[in-house]
Number of protein chains: 2
Amino acid sequence: MKTLVLPALDRPEGITTHDYAFSRLRQAIMVGAFRPGTSVTIRGLADALESSPTPVREALRQLTSIGALQFLQNRRIVVPRISPARFEELISLRIVLESHAARRAVAHLSDRQIDRIAVLDDGIEAAILSGQKAQALIANQEFHRQIYSANPDQVAVPLIESLWLQLGPILGIAMEHVNEFYVVDRHREAIDALRRRDENAVAEAIAADIREGIGGFDQQAIGKLLALAG
Amino acid sequence: MKTLVLPALDRPEGITTHDYAFSRLRQAIMVGAFRPGTSVTIRGLADALESSPTPVREALRQLTSIGALQFLQNRRIVVPRISPARFEELISLRIVLESHAARRAVAHLSDRQIDRIAVLDDGIEAAILSGQKAQALIANQEFHRQIYSANPDQVAVPLIESLWLQLGPILGIAMEHVNEFYVVDRHREAIDALRRRDENAVAEAIAADIREGIGGFDQQAIGKLLALAG
DNA sequence: TTCTGATAAATGTGATCACAAAAAGAAATT
DNA sequence: AATTTCTTTTTGTGATCACATTTATCAGAA
């Protein structure tokens, strides 16, 4: 196996090797650094991360548990391929989960928090305008995360995060085409609905945001996006 | 720390120690063998499982990833406590996820598969009648699993399984009181709706099944069940 | 040329160890 | 007696090794 190169990630002081390995692998998956179908090995990843195999093994157990990597019967670990049908299920589930999480968060959000979420949205716009699409994707996730996490018992957040991770590479491609895919500002609609404490309107804006963020949710649009993703 | 005793579980031939450890710990959590708030240690579990710490460490990474155990900032791993608010979120999410999964499965189910699901339901009834409540809980999960998994791309299944696991001990208590909590046979309604390929009716029967399976979804009913759970 | 079997290499698994960090217990101080 | 500090024990982490399993390669036979 050729020497593997992972995208760089700063390592904070005092973080365990395992936590760093997990974060770095998670980021690599999110940005599509592994081609779908690729097999990864413990020792290969440990070399790339300059660690021993143990933290990598533990990180891989986590990543397979949240669906980011796939554990095969022959004990190999591979980066999952996403078929059009699976993509459709992932987006459908994202719509269901995030709409639900948004509803369950409305009662917990203060005006101050909503203001901060609006500032996050401005940051997304700025990143898109300055061409920083990867930054915009991260900021978009933070926008959504801040809404849902307003409910302290929001069980859905780790589930939603796992979907974002599985969809990460494709959503990155969609973000590269944001100017043609995304016409109506659904974030603005969601923020307005949050201010009105209108659960239905929030859920609908989030659902529309997800559908439109991928250029539409019909077979043609999905086929187009998956073709772009290779 | 006192010597820990885990519920017994047969170990299939050829299974890795890690897979056995994970399955056995998962079962222990499901049946409420650990008191909520309890701290577990790697070496303690390894002793109880008669293994070295390595497979246990990897199993713990999995169990914390699916929410069955909680990783604390001081590196301790504890069995989560379930507050009434969190319980409400878990059940709400279960309703949303399982309704969605049922809808997305309807188009994939053959008459033969529906017949087999009906047989599973008979098995649940038989287990309840003969007082085998633990067996009934397992069979109930299998009933649901067979419906949802009919869709080969059903991304929601592992998420649903993680909710079942988090709710396992409490659902076990509810099953002990099934004769007072559960009056209308929603499984039968779901099966009939499956035969008619009526997505809405299936989703509604599943949702009602979940609500009524815990004796109701109002504050009083939740309070009553959580009091029973201790 | 293709298939089969044997061998070598790669890869996953489990055990063990030493070290780092946190918790518990004991001693000293206020 | 209560609090603080120091010491000991417990517990998590990472490294390394040997063994088990899977994959790849090579040689010989058909």
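# Chat: contacts between and within chains A and B

User: What does B:Arg104 form a salt bridge with?
Analyst: With A:Glu89, and the closest N and O atoms are 3.2 Å apart. A salt bridge here is a side-chain nitrogen of Lys or Arg within 4 Å of a carboxyl oxygen of Asp or Glu. Bear in mind that this is a predicted model, where local features need pLDDT of at least 70, side-chain atom pairs count only at pLDDT 80 or more, and totals for chains, interfaces and linings use all residues. Residues are numbered from 1 along each chain as its sequence is written, chains are lettered from A and ligands numbered from 1 in the order in which they are written, and side-chain values use heavy atoms, with hydrogens and water left out.

User: OK, how many salt bridges are there between chain B and chain A?
Analyst: There are 8. Polar contacts between the two chains come to 14 residue pairs, both residues at pLDDT 80 or more. A polar contact is a pair of N or O atoms within 3.5 Å; within protein, one must be able to donate a hydrogen and the other to accept it, and residues adjacent in sequence count only if both atoms are side-chain atoms.

User: Which elements of chain B give two or more residues to the side that touches chain A?
Analyst: Helix H3 (53-65), helix H4 (84-106) and helix H7 (156-176). H4(B) gives the most, with 11 residues. Helices (H or I, at least four residues) and strands (E, at least two) are DSSP runs, numbered from the N terminus.

User: And how do the residues on that side of chain B divide?
Analyst: Into 10 nonpolar, 12 polar and 9 charged. Ala, Val, Leu, Ile, Met, Phe, Trp, Tyr, Cys and Pro count as nonpolar, Asp, Glu, Lys and Arg as charged, and the others, Gly among them, as polar.

User: What's the area buried between chain B and chain A?
Analyst: About 2800 Å², with carbon and sulfur atoms giving 56% of it. In chain B, the residues that lose the most area to chain A are B:Arg61, B:Glu89 and B:Val155, together 23% of what that side buries. Buried area means the accessible area (1.4 Å probe) that two parts lose on being put together, summed over both. In contact terms (heavy atoms within 4.5 Å), 31 residues of chain B meet 31 residues of chain A.

User: Switching topic. Where is B:Ile117, and is it buried or exposed?
Analyst: B:Ile117 sits in helix H5 (residues 111-129) of chain B. Its relative accessibility is 2%, so B:Ile117 counts as buried. The cut-offs are under 20% relative accessible area for buried, over 50% for exposed, and partly exposed in between (1.4 Å probe, protein chains only).

User: What does B:Ile117 touch, leaving out residues up to four places away in sequence?
Analyst: B:Leu109, B:Phe143, B:Gln146, B:Ile147 and B:Ile191. Among the buried residues of H6(B) are B:Phe143 and B:Ile147.

User: How many residues does helix H6 of chain B have?
Analyst: It has 16 (residues 133-148), and reaches 23 Å from its first C-alpha to its last, close to the expected 22 Å. That expected span is 1.5 Å times one less than the number of residues.

User: What does B:Glu142 form a salt bridge with?
Analyst: B:Arg145, with the closest N and O atoms 2.5 Å apart. Both lie in helix H6 of chain B, 3 residues apart, about one turn of the helix. An α-helix has 3.6 residues a turn, so residues three or four places apart point the same way. B:Glu142 is partly exposed at 25% relative accessible area.

User: Over in chain A, why does the A:Asp111 and A:Arg197 pair tie parts together?
Analyst: Their side chains meet in a salt bridge (3.1 Å, N to O). A:Asp111 lies in helix H5 (residues 111-129) of chain A and A:Arg197 in the loop between helix H9 (186-196) and helix H10 (199-213), so the pair ties together parts 86 residues apart in sequence. A:Asp111 is exposed at 52%, and A:Arg197 is partly exposed at 34%.

User: What is phi of A:Arg197 near?
Analyst: It's near 55°, a positive value in a residue other than glycine. Most residues other than glycine have a negative phi.
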